[in-house]
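Hi everyone, thanks for coming.

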Amino acid sequence: MSHGSALPAQRFDWLPLALIPAIALAALPFIPSLPTWVTLTVAGLAMGMMIFMMAAGLTLVFGLMDIMNFAHGVFISVGAYAATSVLLAMKASMQADSLAANLAAIVPAVLAAMALAGFLGWFFERVVIRPVYGDHLKQILVTMGGLIVVEQLIHVVWGPDIIPLPRPATITGSFIVGGAAIERYRVLAVLVGLAVFAAMWLILNRTRLGLLIRAGVENREMVESLGYRIRTLFVGVFIAGSALAGLGGVMWALYQESVNAQIGMQMMVVLFIVLIIGGLGSVGGCFVGALLVGLMANYTGYLAPKLALGSNILLMVLVLLWRPRGLFPVGRG
Amino acid sequence: MFTTLLSGDFPRSRVLAVVLVAILAGLVLAPFVFPGTRSLNVAAKVAVFVLLVASYDLLLGYTGIVSFAHTMFFGIGGYGVGIAMAKLGAGWGNLALGSALALALSAALATAIGLLSLRVRAIFFAMITLAVASFFQILASQLSGFTGGEDGITYKLPELLLPGTKLVETPFLGVELSGRLANYYLVVFAALACFLALLRVVNSPFGRVLLSIRENEFRSEALGYRTVTYRTAANCIGALGATLAGVLYAIWLRYTGPDTTLSFNIMIDILLMVVIGGMGTLYGAAVGATIFVIAQNYLQDLMALASAAAKGVPLLPGLLHPDRWLLWLGVLFIVCVYYFPTGIVGRLREK
Amino acid sequence: MAEALLALAGVNTHIGQYHILQGVDFEVPRAGLTMLLGRNGAGKTTTLRTVMGLWQASAGAIRYDGAEITRRTTPERARLGIAYVPENMGIFAGLTVRENLLLAARSGPPDDRRLEWIFRLFPAMQRFWHAHAGNLSGGQKQMLAIARAIVEPRRLLLVDEPTKGLAPSIIANMIDAFRELKRTETTLLVVEQNFHFARSVGDTVAVMDCGRIVHAGRMADLAADDALQQQLLGLSLQAHQ
């Protein structure tokens with residue numbers, strides 16, 4: 001052990017980050033034209049950003065409390081449905097070709113989605129998860145049960161059929177840059193995703209709250225011994241993560257232009273792949289993993305549509321062979 | 001003789017013993033007591049799911065690992081039979097070949113998944129199996145040349161097992177002795193034999209090591225058991241059980257498709273059955289599967305009545321709508337995990 | 001004599017099915033340093049963790065500063081002025097030295113005088129102020145763990161084996177640091193295997209065996225009595241000297 005003079009400088013692990021451009025460049029020779037590649041890359045990044053929003057809460061909750069919430073997907077679907085109710089009620093201002101009118105519908109929809117998903121998260125933490133702390137088996141079972149029940153309740157409240165959800169006028173359509181058609185909505189998704197990531201990064205690295213969260217992910221007991229109630233912290237993170245998943249749900253529903261009760265469950269599979277790739281509990285890993293998965297899905301979706309999800313499983317296996325605990329392994333094993 | 005058959009694992013509760021005998025008698029006598037097509041379908045499904053759920057309980061109850069890939073193995077069995085029958089022709093040899101290939105594929109996959117992820121932790125395994133299973137689901141729907149895609153495949157079986165075949169000219173106890181009956185008894189007795197074999201596994205020294213690993217992984221490791229090896233072996237045996245269940249179901253239905261084998265809904269059904277019946281005892285799987293399959297088929301009728309009765313009350317008709325039966329089983333499931341972790345069988349045995 | 005700062009009476013602790021503490025009675029007088037000695041598995045670490053509330057006592061009472069704290073949560077106890085340095089040091093490896101200390105300072109960033117005092121005790125903290133704690137050496141991590149516990153004045157400091165795995169030269173530094181700590185208002189309760197260290201800094205001593213206190217008295221008396229050391233601590237401790 002070295003003590004005395006200089007320590008080795010803390011090296012940020014750039015390698016996993018380099019995977020993102022590496023995958024994008026590796027896809028380039030296979031895709032016939034540059035504009036198509038640009039379109040696909042933007043689509044992949046947009047998809048990745050949305051996945052990141054949905055997954056961020058899941059990974060933080062796991063890191064902080066060692067809880068894997070298999071029902072996290074319901075926050076996505078509940079958010080999507082809540083927003084749909086608001087947007088369909090405000091149809092007129094959705095269809096108006098004015099940004100202000102569109103925003104007047106979208107802002108309340110997003111707020112409703114986040115509020116409802118956050119509230120559901122709070123309820124879930126209190127009623128479903130709290131009694132099974134420390135017992136992984138029961139956690140998985142109980143949260144699966146929660147998933148079933150909420151999915152069924154969605155059917156009761158919103159009906160079993162798929163609800164079409166047209167995008168507001170101002171963010172429909174696409175524009176051309178250098179021959180590449182880029183959908184406006186995708187650009188919006190990338191911007192929102194970046195904003196969310198930046199906000200999370202700032203909170204985690206520049207505030208006392210973030211310091212507490214990062215410390216809690218490493219060593220819960222020690223944070224308690226320093227006089228902080230980790231429970232309170234955890235409930236807050238859980239609610240925020242659920243609300244974020246709700247936001248992701250709205251974005252995803254508008255992207256798909258429809259909602260159905262299964263989206264939560266369908267997304268869970270993708271979220272798990274992202275978490276495993278990124279390293280359980282790591283927010284940075286979650287971000288990188290989400291972008292990788294989004295890009296991969298779009299390139300292979302174009303080249304060999306049948307293999308889209310399969311390619312991500314392959315990506316996951318390769319990452320695990322390279323780094324068995326994910327790209328950015330987190331403290332506790 | 002009973003001791004040998006049951007591997008010394010007796011029901012240890014009078015009520016449970018009666019229930020088990022009733023299930024067995026119901027299955028064996030079903031063609032004669034409940035002769036309708038629907039009830040025979042229900043009975044065959046019960047037999048298959050008893051095996052499927054029992055093999056899952058080997059993982060969940062005895063080994064303490066949550067897998068979401070059980071329907072994948074179930075599907076491999078189903079598609080093994082289906083593809084062999086549809087592509088190679090309806091002979092006994094092909095039936096055996098299809099089943100054998102399915103079993104080999106399942107064993108290989110289960111070992112690979114086990115070795116890749118069982119050394120880490122329970123949650124990791126659950127997540128990986130979920131991902132792999134959904135990949136398989138997509139694979140099956142994409143390779144439509146082989147699997148028939150979303151529509152699945154229908155096929156013929158060896159002559160003896162087809163409903164059109166008459167085994168004996170004169171009906172017995174008023175029931176025609178057709179190939180359908182032969183098929184039914186093949187499924188029921190094969191499932192029963194596999195169930196008894198699983199009972200043997202869990203009551204062997206191997207089964208006791210699994211239990212001790214579940215109770216205290218660290219200690220078992222210290223005692224010199226290679227926990228990863230044991231868990232992987234359990235994962236393998238469970239997968240083989242599920243594959244056999246898939247083979248039997250494919251034989252019974254003469255159809256294999258995503259909705260009858262690979263669907264995630266079936267995975268959830270299995271979870272519900274094993275938890276409600278009782279984890280950690282194979283009899284729980286038998287009881288859970290029976291109750292669930294019967295509820296699935298008849299609870300909806302009951303709920304339709306209740307829903308109609310509740311007309312006019314806000315929200316209640318929606319909650320009682322026959323399609324919402326899973327809602328109530330989900331609630332029951334959560335209640336079971338919290339308050340009756342040993343399920344129905346555990347409660348019966350406590351008495 | 002003033003009431004002891006910390007008093008355990010008949011404390012029992014179960015961990016799972018194991019009955020670790022089987023009626024622990026002892027007092028930690030105000031100011032000064034109390035050594036808690038004993039063989040491996042005697043229940044020393046469990047005693048500290050039970051005082052900190054990381055494990056709940058199943059029977060008995062813990063009194064701190066005149067009030068019973070047996071049912072208080074860990075954060076509540078911390079806010080009453082108890083600080084804890086666990087055996088594995090519990091530093092946050094992904095946080096910098098600065099962030100580790102900042103987190104421990106509950107009432108805002110520590111003032112310069114306090115920091116200077118800490119830097120005098122442990123100069124490495126200043127040198128590696130912005131380094132990630134995970135990159136520190138074992139001794140530096142131990143220093144950080146102690147520095148973190150005293151970044152604000154605390155009433156009672158629980159330290160579990162501060163010299164474990166440290167080189168002799170660093171142990172000498174530790175002895176100096178603990179002597180400096182004793183000049184403050186802080187009362188210390190230290191679990192130790194290293195008798196040399198214990199003798200150098202301890203004022204009073206309690207010895208545990210099989211989940212009970214088997215001896216309590218002045219450190220100097222125990223240090224002077226070879227036969228008693230032999231009887232209470234066996235040979236294992238001699239080997240550490």
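Predicted model: local features only at pLDDT ≥ 70, side-chain atom pairs only at ≥ 80, totals over all residues.

Residues are numbered from 1 along each chain as its sequence is written, chains are lettered from A and ligands numbered from 1 in the order in which they are written, and side-chain values use heavy atoms, with hydrogens and water left out.

OK, the chains one by one. Chain A has 13 helices and 4 strands. Its radius of gyration is 20 Å, close to the 20 Å that the globule rule gives for 333 residues, so chain A is as compact as a globular protein of that length. That radius is taken over C-alpha atoms, and the globule rule is 2.2 Å times the number of residues to the power 0.38. Along its principal axes, the C-alpha trace of chain A spans about 65 × 50 × 35 Å.

Chain B has 16 helices and 2 strands. For its 351 residues a compact globule would have a radius of gyration near 20 Å, and chain B, with 21 Å, agrees. The C-alpha trace here spans about 65 × 55 × 50 Å along the principal axes of chain B.

Then chain C, with 10 helices and 10 strands.

Chain B and chain C do not touch, and their nearest C-alpha atoms are 11 Å apart.

Let's zoom in on A and B. The contact takes 41 residues from chain A and 40 residues from chain B. Together they bury about 3,600 Å², 83% of it on carbon and sulfur atoms. Buried area, by the way, is the accessible area (1.4 Å probe) that two parts lose on being put together, summed over both.

How many salt bridges cross between chain A and chain B? The count is 0. The rule there asks for a side-chain nitrogen of Lys or Arg within 4 Å of a carboxyl oxygen of Asp or Glu. There are 3 residue pairs in polar contact between chain A and chain B, both residues at pLDDT 80 or more. A polar contact is a pair of N or O atoms within 3.5 Å; within protein, one must be able to donate a hydrogen and the other to accept it, and residues adjacent in sequence count only if both atoms are side-chain atoms.

On the chain A side facing chain B, helices H5 (99-129), H6 (136-158), H11 (263-278) and H13 (308-322) each supply at least two residues. H6(A) gives the most, with 16 residues. By type, that side of chain A divides into 30 nonpolar, 8 polar and 3 charged residues. In this scheme Ala, Val, Leu, Ile, Met, Phe, Trp, Tyr, Cys and Pro count as nonpolar, Asp, Glu, Lys and Arg as charged, and the others, Gly among them, as polar.

Look at one spot there: His136(A), Gln139(A) and Ile140(A) in H6(A) meet Ala122(B), Ile123(B) and Ala126(B) in H6(B). The residues of that helix contact are 4 nonpolar, 2 polar and no charged.

Over to A and C. Here 26 residues of chain A meet 33 residues of chain C. The buried area is about 2,500 Å², of which carbon and sulfur atoms give 60%. Between these two chains we count 2 salt bridges. One of them joins Arg49(C) to Glu221(A), with the closest N and O atoms 2.6 Å apart. From chain A, the elements giving two or more residues are H8 (208-218) and H9 (220-225), and H8(A) has the largest share, 6 residues.

That's the tour, thanks!

Definitions and conventions: Contact = heavy atoms within 4.5 Å.
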